[in-house]
Amino acid sequence: MSASSSAATVDITVSDNVTWCDAFMFGIAGDTSWNFTGKSFIMEVKADVNDTVALFTLSTALGSIVTDDAVLRVLHFLVTETALRAALPVGTYVYDLVMFDGSSPPVRTLLMTGNVYVVRGVTGD
């Protein structure tokens, strides 16, 4: 998967027996020249970058991407293990995370791209 020069390449590993709750801070700490105010986020997870349909979608609208601090640009994912298991069996996937605003058309910025590795958890219910 190729990435924009402004996007971070980040591989994510998540166990299928826990809540997916990874947090990320974007940009340089202390730099407040840009922020997440008025921004929304969407992340599609696919088996292959050329697939036309996502296997799983996280977004601010769905509540699975949460902005923790708009000024410091911190967000986290919030996905239950039930939702994760239903959408993504153990395996390797590709994703990208896009930030967009409310303008028409929206300005879309690629923030992260990479692989999602879903691994089998050890501890059950």
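Leaving aside neighbours within four places in sequence, Trp-20 is in contact (heavy atoms within 4.5 Å) with Ile-12, Val-14, Met-43, Phe-56, Leu-58, Phe-77, Leu-78, Val-79, Leu-84 and Val-116. The model is a predicted one, in which local features need pLDDT of at least 70 and side-chain atom pairs count only at pLDDT 80 or more, while totals for chains, interfaces and linings use all residues. Residues are numbered from 1 along each chain as its sequence is written, and side-chain values use heavy atoms, with hydrogens and water left out.

Trp-20, Met-43, Leu-58 and Phe-77 touch the most other members of the largest nonpolar core, which has 26 residues. Such a core is a set of buried Ala, Val, Leu, Ile, Met, Phe, Trp, Tyr and Cys residues joined through side-chain atoms within 4.5 Å; buried means under 20% relative accessible area, exposed over 50%, and partly exposed in between (1.4 Å probe, protein chains only). At least two residues of this core come from each of β2 (12–15), β4 (40–46), β5 (56–59), β7, α1 (81–87), β8 (91–100) and β9 (108–119).

The protein has 1 helix and 9 strands, taken as DSSP runs numbered from the N terminus (helices H or I, at least four residues; strands E, at least two). Their order from the N terminus is β-β-β-β-β-β-β-α-β-β. Of the 125 residues, 34% count as buried. Among contacts with a separation of 6 or more, 66% join residues 24 or more positions apart.

Leu-72 lies in the loop between β6 (65–69) and β7 (74–77). Leu-72 counts as partly exposed because its relative accessibility is 36%.
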